[in-house]
Amino acid sequence: MYKIESKNVDFFYGPSQALKNINLAIKPNTVTALIGPSGCGKSTYLRLFNRMNDLIDNTKIAGQVIIDGDDIYAKGVNVDSLRKKVGMVFQKPNPFPKTIFENVAYGLRVNGITDKKFIEERVEETIKQVVLWDEVKDKLKKSAFELSGGQQQRLCIARALAIQPSIILMDEPTSALDPISTSKVEELIYELKTKYTIVIVTHNMQQAGRVSDTTAFFYMGELIEYDTTKTIFTNPKVERTQNYITGRFG
Amino acid sequence: MKMPDENKLAKRKKWNQSIAFWIFRLLSYFIVAILFSILSFIIYKGVGVINWNFITQMPEEGMTKGGIFPAIIGTLCLVAGSMIFAFPIGVLAAIYMNEYVKDGIIKKSIKQMTNNLAGIPSIVFGLFGMSLFVNKLGFGDSILAGSLTLGLLALPVVIRTTEEALKAVDDTFRHASLGLGASKWQTTRNVVLPIAFPNIITGLILSIGRVSGETAPILFTVAAYFLPKLPTSIFDQAMALPYHLYVLSTSGTNIEASRPVAYGTALVLIIIVLIANLLANGLRKYFGKKVKMN
């Protein structure tokens, strides 16, 4: 049983086609890396899974995206509940202009949870989960903007985890971070896959190699190759993949 | 061919640059100089008549003596009234346009209309206010009619500045909130508005400045030539500073004698706008700080 499946997916920004006939299936509790040069459609593809592309005017999708057996683009799908199930972490750390505590509590509150004790426990639990607790436990009431970039990004991951999604999408989550913060986030990704299915877009080949189980290589809106990360990096079947991996173009 | 002397080229480059800089510098000083000369002229002419009685007493002896208290109160009422009307409507309209309407013909035409509204001469607002609020709706010459007319005038300013404020909020905040399953309204209310709020206040400042100095829209809708008592309800006529200034300098009983009072009135009007700006600026800073904390 696959966690995420996409069948014959085409995607259009106005008249230009950004994704061409993408077929891909992702197993639960794995990390899948989407790699490829800028503009290849990997971020667009990622944003299909929580219907973030709906927010852009004049876009169109064809084909099926299936999560837990249901087509998420079918009529009558509740997008809010889908997004509750599919959390997202963005390129730049973007905590809300709220306290550290309220940032993590936000997802719970907007989904109607009012039980104070539950919220407090859940916030603590989640911040511990992203290994940030010791750094922030004394300043939960302080602004999230006072944290460093790396801390902010881990807070944003906590924010996504608080509402207990089963899938986490990460759009170049470390591209704005220093090497030490990056390795912390990568360690975290490794830990998180025991509980979640993770899809990560990255420009960083080493990162894809370090954190992911499977890797999908995109080029000009097409899925060129999809295999275990080991195969993609050591023995790719398509020459273009090999060229990209080895840095001959990109 | 031999390259021209490098030192010479560098010198010429430097020279050109410093000429350009000096032109820009002089022009910006020029603007400041204009502002200061207007201000100092008004202060020089008007400061002599300003005292406690001037701002707390009724006008006397054909407006050549006494104070301008009713005009101050009238202007404050009109500013407050027009903002109560224009601020919520303008902000909500801007939220609707920026957060809810998709790009397309509807959004474009609403925007165009708003811009057109901003371009209408204020005297036209005055005539419109007179025929609609004063006559048709039967408010008579009243603070209500004047406030509504001024409110219409302020509306495009409020809408445009609010829109700019909302646009300045980075989309990733919206996406992060929506990505957590928040509705559009929850996102707007809990994330977008708090971030945009300090800049929305700027719109308030600008429109207060605009409204408090307008004469034409209140001419036919509220302003009284001479009314030495305070308004008791929103259906009363009132004096107002800009109109009072106009009366004093064009159609008073003794224009020469009322000249100092006119300058005093102008100074008071400027000071009121200044205080309003400072207050709103303080508010903006306060909320700017607070927004990071909630």
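Two residues are in contact here if their C-beta atoms, placed from the backbone, lie within 7 Å. The model is predicted: local features need pLDDT of at least 70, side-chain atom pairs count only at pLDDT 80 or more, and totals for chains, interfaces and linings use all residues. Residues are numbered from 1 along each chain as its sequence is written, while chains are lettered from A and ligands numbered from 1 in the order in which they are written.

By the contact criterion, B:Ser122 touches B:Leu153, B:Glu214, B:Ala216 and B:Pro217, leaving aside its neighbours within four places in sequence. B:Ser122 belongs to helix 5 (residues 122-136) of chain B; helices (H or I, at least four residues) and strands (E, at least two) are DSSP runs, numbered from the N terminus. The C-alpha atom of B:Ser122 lies 9.0 Å from that of B:Leu150, 28 residues apart along the chain. B:Ser122 counts as partly exposed because it has 16 C-beta neighbours inside 10 Å (20 or more would be buried, 12 or fewer exposed, and partly exposed is in between).

Between the chains, 20 residues of chain B are in contact with 25 residues of chain A. On the chain B side, helix 7 (171-179) and helix 8 (184-213) each supply at least two residues, and the largest share, 6 residues, comes from helix 7 of chain B. That side divides into 10 nonpolar, 7 polar and 3 charged residues, where Ala, Val, Leu, Ile, Met, Phe, Trp, Tyr, Cys and Pro count as nonpolar, Asp, Glu, Lys and Arg as charged, and the others, Gly among them, as polar.

Helix 7 and helix 8 of chain B also pack on each other, at an angle of about 160 degrees with their axes 10 Å apart (axes are lines fitted to C-alpha atoms, for helices over the stretch in contact, and angles run from 0 to 180 degrees between N-to-C directions). Helix 7 of chain B is therefore roughly antiparallel to helix 8 of chain B; angles over 145 degrees count as roughly antiparallel, under 35 as roughly parallel, 65 to 115 as roughly perpendicular and the rest as oblique. In this contact, B:Phe173, B:Arg174, B:Ser177 and B:Leu178 of helix 7 meet B:Thr187, B:Val191, B:Val192 and B:Ile195 of helix 8.

In chain A, the axes of helix 6 (residues 149-161) and helix 7 (residues 179-192) come within 9 Å and cross at roughly 20 degrees, so these two helices are roughly parallel to each other. Their contact has 3 nonpolar, 4 polar and 2 charged residues.
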